Amino acid sequence: MSEYVVDESTIFETPLVELDLDIEADADVYAKAEWFNLYDAPHGGGSIKSRIAKGMLDGAEERGDLEPGVTVIEPTSGNTGSEVARLAAARGYDVEIVMPDNAAGGKVEAVRDAGAEIHFVDANLGYDAVIERCEAIIAADPEAYFRPNQYENPDNPGTHERTTAREIYEATDGDVTHFVAGVGTGGTITGTGRGLTDLSDGAVEVVGFEPDEQLHAIDGLKFLKTGDHYHPETYDESVLDRTEYVTTSDAYDRARALRERYLDDSVPVADPGQHDEATVREHLRVGDQFVVGTSAGAGAAVVANLDAAGDLADDDVVVFMLCDRGDKYADIPLWEDYL
């Protein structure tokens, strides 16, 4: 197990950076660098899922749903698993994580580093099979397990509504006009979208995005467009003003374009959040490269698509999420040739 000591005080209040996506409109485009949740954790820092891991565990302990001696178990594509494992293990619980066998190596190692047991599921069976395996494990001994259940737990969108939305609104001085986020559990887009809608009296356009096909390689996202797929209870489409669909190739191209754009230039930090400028600079890059995760590339692609459709004005302020840092993906096609 790692010697890394979990410091939950580093969760929330993440930096906001300004990005040049080479779009036609003179809109301001910002992104939340979410690996600054637990930024000094091994294998790429934390992620956007650090927020909900803390929110779900806090809520369970406060309600008495999670007590000493119970094993915490969660199905995940990677990020929720690593963050639940880190926080739950640090609080003294045994942890088991169920994940597809093609999960990015950095995410797998982060789970192992936390000391959690991993149950791998054949990725060719689809993500619903991961959830089914978790449910089968629990059914064999229900009293032994507590499942935070990111797909049904209201503390998932609730955490984003209380924290992510407020942070974005305050960091943009209330000027945010568009919020863009992917749909996995739906917690980010539902909770943050709901919070921003309330804070802005409905002025913010909430844009969700999904992969355009079932077999995709955009980590953390769920294909819900067609077919009979499990629909997370944490996803409320009524919060969205529109839904966009993204190809894996566009997501990868946009992530790589960000690396190229900031290979020689510094990434402007619009708001450092709870961190000082030096800490942000130290952890913003991997070596000399600005590399982000697959869903971040997809978010950038959606912003570019909005611009190409003529839906962005020069005075708009757009915010999307950099859910995790690219060194979690050093072993997949996105970054294997770069890291």
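This is a predicted model: local features need pLDDT of at least 70, side-chain atom pairs count only at pLDDT 80 or more; totals for chains, interfaces and linings use all residues.
Trainee: Which residues of α6 meet α5, and is the crossing left-handed or right-handed?

Mentor: From α5 come Asn 156, Pro 157, His 160, Glu 161, Thr 164, Ala 165, Arg 166, Ile 168 and Tyr 169. On the α6 side they meet Gly 187, Thr 188, Thr 190, Gly 191, Thr 192, Arg 194, Gly 195, Leu 196, Asp 198 and Leu 199. As for the hand, the way α5 passes α6 is right-handed.

Trainee: OK, over to α1. At roughly what angle does α1 cross α2?

Mentor: Helix α1 covers residues 49-63, and its axis comes within 8 Å of the α2 axis. The pair is oblique because the axes cross at roughly 50°.

Trainee: And how many nonpolar residues sit in that contact of α1 with α2?

Mentor: α1 brings Lys 49, Ser 50, Ile 52, Ala 53, Lys 54 and Leu 57, while α2 brings Asn 79, Thr 80, Glu 83, Val 84, Leu 87 and Ala 88. Sort them by type and you get three polar, three charged and, for the nonpolar ones, six.

Trainee: How many polar residues are in the contact of α1 with α5?

Mentor: Arg 51, Ile 52, Gly 55, Met 56, Gly 59 and Arg 63 in α1 meet Asp 155, Asn 156, Thr 159, His 160, Thr 163, Thr 164 and Glu 167 in α5. Of these contact residues two are nonpolar and four charged, and the polar ones number seven.

Trainee: Now the largest pocket. Which element gives the most residues to its lining?

Mentor: This pocket holds about 1100 Å³ of space. Elements giving two or more lining residues are α2 (79-90), α4 (127-140), β7 (178-182), α6 (187-199), α9 (294-308) and β11 (317-322). With three residues, the top contributor is β7.

Trainee: And which residues lie nearest the centre of that pocket?

Mentor: The lining has 49 residues, and by type it divides into 23 nonpolar, 20 polar and six charged. Nearest the centre are Ser 77, His 216, Ile 218, Gly 220 and Leu 221.

Conventions. Residues are numbered from 1 along each chain as its sequence is written. Side-chain values use heavy atoms; hydrogens and water are left out. On a 1 Å grid over the protein atoms alone, a cavity is a set of points where a 1.4 Å probe fits but cannot get out, and a pocket is an open set with protein on both sides within 12 Å along at least five of seven lines; lining residues have an atom within 4 Å of a point. Grid points are joined across faces, edges and corners, and a volume is the space filled by probe spheres set on the points. Helices (H or I, at least four residues) and strands (E, at least two) are DSSP runs, numbered from the N terminus. Ala, Val, Leu, Ile, Met, Phe, Trp, Tyr, Cys and Pro count as nonpolar, Asp, Glu, Lys and Arg as charged, and the others, Gly among them, as polar. A crossing is left-handed if the near helix is turned anticlockwise from the far one by less than a right angle, and right-handed if clockwise. Contact means heavy atoms within 4.5 Å. Axes are lines fitted to C-alpha atoms, for helices over the stretch in contact, and angles run from 0 to 180 degrees between N-to-C directions. Angles under 35 degrees count as roughly parallel, over 145 as roughly antiparallel, 65 to 115 as roughly perpendicular and the rest as oblique.
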